Amino acid sequence: MKGERLPSVNPRPLVLGLLSLAALAGLWQLLAATGTVNTFLTSSPSRVATALVAQIRAGILGRDVATSMEELGIGFAMAAFAGVAVGLAVGRYRTAEYAVNPFVSIGYSAPFVALYPVFTVLFGLGRPTVIATAFLLGVFPIVVNTARGVKGVDPKLVQVARSFGAREAQIFYKITLPASVKAVMAGLRLGLGQTLLGVIIGELFVGNAGLGYEISYYGGLERTDQMLAAVVVTGLLGIVLTGLVGLIERQIDAWRPDIGGR
Amino acid sequence: MSTLAVGAQLRARRSERVPERARRMAIGALAVVVVLAAWQVVGDLGLVRKEFIGTPLGTLSAGGHLLADGELWSNAQSSLLAFAIGFGISIAIGVPLGLLMGWSRISRELAQAPILMLYVTPRLALLPVIVVWLGIATQAKVVVVVIGAVIPIVINTMAGVRDVDPRLIQVARSFGAGRLGLFTKILLPSATPLMLAGVRLAVGSAVLGVVIAELYVSTSGIGDLISTYGQSYDTDYVVFLVLLTAVFGWAVSALVQVVERRVERWRA
């Protein structure tokens with residue numbers, strides 16, 4: 001996907017962006033304060049902040065974030081490992097590509113979380129089922145992007161290496177991997193987002209802890225302040241994780257030798 | 001290279017493609033058949049209990065039942081309605097907003113931060129919030145679709161406008177193109193491929209959104225059916241409905257891809 005420019009150093013977008021966020025929050029607070037909207041339903045930034053502080057003090061938030069992060073970590077590690085391995089094979093060998101393609105096409109948009117009753121029986125209530133859901137959502141973008149990266153490697157490079165007597169393993173480590181690392185990282189970033197989505201959705205349905213569970217729990221009680229506080233933290237988690245991967249991507253890009261011819 | 005030689009080469013490549021396509025179909029079909037057979041055998045031998053994993057044949061007959069008694073169609077209608085309305089709204093909001101953000105710097109800088117934040121947030125986390133606000137009726141499902149689908153459309157449309165070759169704009173300007181002409185003759189056509197890619201990306205989110213919203217809380221729709229059968233461990237039914245949803249998502253994406261290719265050919 002192409003909407004992925006690295007943020008510039010120019011402070012103007014940052015300032016204007018923060019300004020618009022502040023304006024939105026201000027408008028929300030104003031509507032709530034003047035009674036234009038019913039704060040029981042819509043809450044307000046100050047109420048959400050209060051709920052957030054209360055959740056932090058009570059230690060609920062820390063525990064929920066830890067649970068969600070642990071599930072995310074395990075699910076993402078599995079998705080990254082399986083996704084990159086399958087993606088490399090699919091990108092390198094036509095036969096693998098043809099064999100795997102039908103499953104990827106279907107798996108990409110399958111609502112796997114619907115299988116949660118079965119997952120619960122097979123894997124256990126709560127955490128294992130959440131991890132399974134997260135893995136299944138995260139693995140497909142990683143496969144697709146890794147494969148795309150490997151297929152995009154300039155065939156001339158491989159030919160040259162071959163004619164200089166490189167073996168398959170050498171071609172893989174010296175050419176395929178470095179030349180496709182950018183696409184692999186893009187896939188990992190997308191996959192991380194999807195894995196996080198899988199964790200949250202999984203927790204909405206079968207969690208017994210975690211941010212998604214908290215959102216669903218407070219939603220059921222119609223305690224909007226608490227619910228939105230958990231939503232805000234979920235959003236922050238997404239932003240921080242994406243930023244982190246972006247940082248790693250740039251590091252790798254700077255370190256990467258100029259190979260791949262693009 | 002002479003034109004003739006290029007023509008010959010093109011023909012050669014095209015004739016290569018036919019056996020390659022046959023090979024692709026054959027290997028794909030074979031892989032699917034092998035997996036389905038293994039699944040059937042595992043279920044039949046009871047290596048994993050049938051109630052939990054179902055079987056391909058069971059799934060097929062479950063699909064037959066659902067089709068025969070009309071249960072499928074009445075629920076599919078409800079899901080399709082929410083999908084269609086939500087997706088329509090997403091395009092109606094996403095394309096103009098993306099064009100505006102690509103075109104005007106100030107609007108981009110103002111709107112980009114909130115939109116990027118939403119982009120990286122697992123937006124279905126808002127599902128319980130939407131249920132509290134809007135209840136469980138169709139409008140709640142529509143909103144879930146919109147929050148899932150609108151963001152990729154906005155971001156890709158914006159990127160499409162920003163990707164326009166500045167030389168094109170300069171040339172158009174020097175031939176006296178006005179703002180409107182520039183927009184309709186240069187920016188819109190140039191942005192269309194990426195915009196369509198955004199629409200294609202949005203399909204997956206939208207489909208997932210409808211079904212998960214229905215699964216979470218609803219009284220109709222494919223997700224609601226899945227939920228009902230899931231709770232009674234009628235796994236064959238659940239698997240059929242999950243696969244049906246996946247195939248639907250794939251088919252709509254493929255449809256958008258066909259449009260993308262058409263546009264590309266027409267541009268060339």
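## A contact point between the chains

## The interface

Chain A brings 50 residues to the contact between the chains, and chain B brings 54. On the side of chain B that touches chain A, at least two residues come from each of these helices of chain B: α1 (3-45), α5 (105-120), α6 (127-134), α7 (138-162), α9 (179-216), α10 (222-231) and α11 (235-267). The largest share of that side, ten residues, belongs to α9(B).

What kinds of residue make up the side of chain B that touches chain A? There are 40 nonpolar residues, ten polar ones and four charged ones.

## Chain A as a whole

The secondary structure of chain A consists of eleven helices and zero strands. Its C-alpha trace spans about 75 × 55 × 30 Å along the principal axes.

Of the 262 residues in chain A, 44% are buried. Among the contacts in chain A with a separation of 6 or more, 76% join residues 24 or more positions apart.

## A loop residue in chain A

A:G152 sits in the loop between α7 (127-151) and α8 (155-163) of chain A. Is A:G152 buried, exposed or partly exposed? A:G152 counts as partly exposed because 15 C-beta neighbours lie inside 10 Å, while a buried residue needs 20 or more and an exposed one has 12 or fewer.

Leaving aside neighbours within four places in sequence, A:G152 is in contact with A:S180 and A:A183. A:V199 is 47 residues from A:G152 in sequence, and the C-alpha atoms of the two are 32 Å apart in space.

## Confidence in chain A

The average pLDDT of chain A is 86, and 94% of the residues score at least 70. Within chain A, helix α4 (residues 60-92) has the highest confidence, at 94, and helix α2 (residues 39-42) has the lowest, at a mean of 78. Where pLDDT is low, the predicted coordinates should not be read in detail.

Methods
Residues are numbered from 1 along each chain as its sequence is written. Chains are lettered from A and ligands numbered from 1 in the order in which they are written. This is a predicted model: local features need pLDDT of at least 70, side-chain atom pairs count only at pLDDT 80 or more; totals for chains, interfaces and linings use all residues. pLDDT is the predictor's confidence in each residue, from 0 to 100. Helices (H or I, at least four residues) and strands (E, at least two) are DSSP runs, numbered from the N terminus. Two residues are in contact if their C-beta atoms, placed from the backbone, lie within 7 Å. Ala, Val, Leu, Ile, Met, Phe, Trp, Tyr, Cys and Pro count as nonpolar, Asp, Glu, Lys and Arg as charged, and the others, Gly among them, as polar.
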